[in-house]
Amino acid sequence: MPGTVTEKLIEDHLVDGQMEPGEEIAIEIDQTLTQDATGTMVMLELEAMNVEHLESELSAQYVDHNLIQEDNKNPDDHLFLNSACEKWGVWYSPAGNGVSHPVHQERFGVPGKTLLGSDSHTPAAGAMGMLAIGSGGLDIAMAMAGEPYHVNAPEVWGVELRGELPDWCSAKDVILEMLRRHDVDGGVGRVIEYHGAGLDTLTAMDRHVIANMGTELGATSTVFPADDAVRRFLAQQQREDAFRELRADDDAEYHVTETIHLDEIEPLIAKPSSPGNVVPVADVAGEDLYQAYIGSSANPGLRDFAVPAMIMDGERVPSAVSFDVNPTSRQMLENLTEMGYLGKLYASGARVHQAGCNGCIGMGQAPASGRNSLRTVPRNFPGRTGTREDSVFLCSPETAAASALTGEITDPRTLEETHGIEYPEWTEPKEIIVDESALSPPPENPGGELEKGPNVKSLPEFERVPDAITGPVLMKVGDDISTDEIMPAGSDVLPYRSNIPRISEWVFDQVEQGFYKRAQDEGAPWLVVGGSNYGQGSSREHAALAPYYLGMRAALAVSYARIHWQNLVNFGIVPLEFTDRSDYDSIDQGDTLELPDIREEMQEDSKVTVRNATQDTTFTAEHSLSPRQVEIVLQGGLIEDYKPS
């Protein structure tokens with residue numbers, strides 16, 4: 001049968017099930033990726049599961065999120081992760097070495113492989129012809145232990161690229177165009193696969209930009225073919241022997257089709273506070289600007305720094321503008337220095353930060369209150385920067401640099417007229433400095449003890465789902481609530497990622513300050529009611545774990561984002577869905593809901609009875625769990641299910 005790249009990757013790794021969209025399948029995982037904001041939980045989960053030996057082909061742990069060392073918590077966790085890599089035999093990338101996704105693509109990306117990562121932007125590796133999926137940490141721990149990954153078989157969404165991008169536009173504008181067309185849930189249940197003659201104009205790192213932010217469409221993953229662009233990238237990284245050609249068959253059929261004419265793309269920007277709120281830059285040009293920020297996993301390539309440097313050559317940003325440069329890696333810094341681009345950025349007034357995620361995850365570089373920030377990062381969810389009432393726009397490096405230069409939001413195409421700056425022509429060099437010296441390979445004989453600082457706490461105990469659940473709706477929220485709103489990021493919160501009791505103090509804090517105290521007073525069990533796409537965004541399982549710790553035992557939503565839905569199951573929280581939107585509308589926060597036969601009904605059928613005791617009404621909800629997942633959630637989650645009986 002003719003096949004797409006996605007279908008070939010799945011078929012090569014299929015352990016159970018059939019490639020029928022919506023049906024649960026199990027796939028073998030070759031590689032795993034963890035970063036420090038989620039990896040500490042993965043290592044604690046391996047400990048809780050009593051895993052002694054890893055079975056994955058390659059596992060890599062990166063320290064890129066929590067780099068600020070204002071006290072002992074972050075450095076203690078870095079030592080904990082290093083000891084865990086020694087204990088289980090995992091590659092270790094220390095603080096300062098770089099952002100996980102581009103570094104993994106450079107050093108470990110192999111066409112035809114599967115990658116599961118405890119970071120929602122793991123699909124960036126799809127730029128290499130890999131099937132890369134983001135998931136909660138517990139799924140990654142299971143994959144490291146040799147278990148297959150279960151996911152609903154996706155539709156394959158074929159996006160044909162034609163033509164060539166015009167001057168002043170780049171790969172970021174392509175993915176913003178996809179978000180302009182389809183918003184943050186357009187890719188749910190799908191893998192986006194790019195094909196067509198327009199691919200020849202995009203480098204492997206350009207494709208990384210597009211694949212990275214496919215996550216913001218809600219897609220399971222994004223896939224590109226492994227072609228000459230991938231071969232050139234691997235040759236540049238001195239790993240050409242890892243190349244394997246992988247293309248869709250000429251007569252491959254896609255479940256959904258679409259075409260993007262690259263030559264019709266214009267500079268685009270996502271307005272606050274959603275990646276899907278996309279308009280042409282020209283529509284908001286002239287608005288004030290406090291900060292312009294380039295870097296992050298969503299624009300990590302050499303050209304994403306070189307082009308702004310060429311724009312800035314001989315220019316100086318206004319004193320009221322914070323021009324923030326976040327290099328992707330130590331290797332990137334070396335190349336920017338060697339090629340002279342770093343000096344141009346410094347001379348323009350840029351603030352050059354250490355290699356890492358930094359402001360993308362709210363670790364420093366918070367914008368001033370009431371002022372606009374333009375960023376090349378993947379997300380602009382409310383408060384994610386660390387400034388509660390932030391105003392963040394997502395844009396390309398060209399738009400960010402042009403705006404920094406003028407001191408207001410600027411369509412970069414106008415620079416030729418206003419500043420006499422011609423579009424910088426960029427050609428990817430065949431050879432660069434390759435530096436993997438900071439990477440620590442797995443020890444030949446793994447073992448040893450975990451080094452736990454005082455902030456590292458064991459996981460809570462997980463309870464079986466009882467025969468019935470009765471509790472108040474302690475929180476009701478609307479559509480597209482993100483995990484950042486359930487469990488905020490930022491420098492105040494994330495240092496407690498290894499301490500569930502403490503991090504729980506920020507649950508729903510972005511929605512209601514002080515919610516923690518209300519939950520603590522209520523105690524278990526209580527419920528959450530949500531609209532559509534509940535839990536979009538990050539893979540951080542703290543958004544399930546911390547509410548569980550406070551007493552959340554069930555959720556009712558119109559629909560869920562895939563990763564958060566899986567995380568709820570993994571930690572024994574029952575995720576139910578409304579069959580009628582009017583039932584969602586009828587519930588008020590504070591109503592007491594009863595699930596009188598929850599355990600028996602879930603075992604027998606997908607329908608579940610819900611009684612609103614406050615309003616004396618009854619309706620039917622449903623779940624979309626497989627029989628395997630039903631047993632997992634009823635048992636109290638994946639850890640309890642994994643333990644020997």
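Asp-411 and Arg-413 form a salt bridge, with their closest N and O atoms 2.6 Å apart; a salt bridge here is a side-chain nitrogen of Lys or Arg within 4 Å of a carboxyl oxygen of Asp or Glu. By this rule the count comes to 33 salt bridges. This is a predicted model, in which local features need pLDDT of at least 70 and side-chain atom pairs count only at pLDDT 80 or more, while totals for chains, interfaces and linings use all residues. Residues are numbered from 1 along each chain as its sequence is written, and side-chain values use heavy atoms, with hydrogens and water left out.

**Salt bridges**

- Asp-411 is buried at 7% relative accessibility, whereas Arg-413 is partly exposed at 37%; buried means under 20% relative accessible area, exposed over 50%, and partly exposed in between (1.4 Å probe, protein chains only).
- Asp-484 is bridged to Arg-540, the closest N and O atoms being 2.7 Å apart.
- That pair links distant parts of the chain, 56 residues apart: Asp-484 is in helix 15 (residues 483-486), and Arg-540 is in the loop between strand 21 (526-530) and helix 18 (542-550). Helices (H or I, at least four residues) and strands (E, at least two) are DSSP runs, numbered from the N terminus.
- Asp-484 is buried, with a relative accessible area of 2%, and Arg-540 is buried as well, with 5%.
- The side chains of Glu-57 and Lys-113 form a salt bridge at 3.0 Å, N to O.
- Glu-57, in the loop between helix 2 (36-48) and strand 4 (58-62), and Lys-113, in the loop between helix 4 (100-107) and strand 6 (114-117), are 56 residues apart and link distant parts of the chain.
- Lys-113 is partly exposed, with a relative accessible area of 22%.

- Gly-471 is in strand 20 (residues 469-476) and is buried, with a relative accessible area of 5%.
- Apart from its neighbours within four places in sequence, Gly-471 is in contact (heavy atoms within 4.5 Å) with Pro-525, Leu-527, Asp-591, Thr-592 and Leu-593.
- Gly-471 and Ala-350 are 121 residues apart in sequence and 53 Å apart in space, C-alpha to C-alpha.
- Helix 19 (residues 562-570) is largely enclosed by the rest of the structure, because nine of its nine residues are buried.
- The buried residues of helix 19 include Arg-562, His-564, Trp-565 and Gln-566.

**Backbone geometry**

- The peptide bond from Ala-524 to Pro-525 is cis, with omega near -5°; Pro-525 lies in the loop between helix 17 (515-522) and strand 21.
- A cis peptide bond also joins Pro-272 and Ser-273, with omega about -5°; Ser-273 is in the loop between strand 13 and strand 14 (278-280).
- Asp-480 is not a glycine but has a positive phi of about 60°; Asp-480 is in the loop between strand 20 and helix 15 and is partly exposed at 26% relative accessibility.
- Asp-616, a residue other than glycine, has a positive phi near 55°; Asp-616 is in the loop between strand 25 (607-612) and strand 26 (617-622) and is exposed at 58% relative accessibility.
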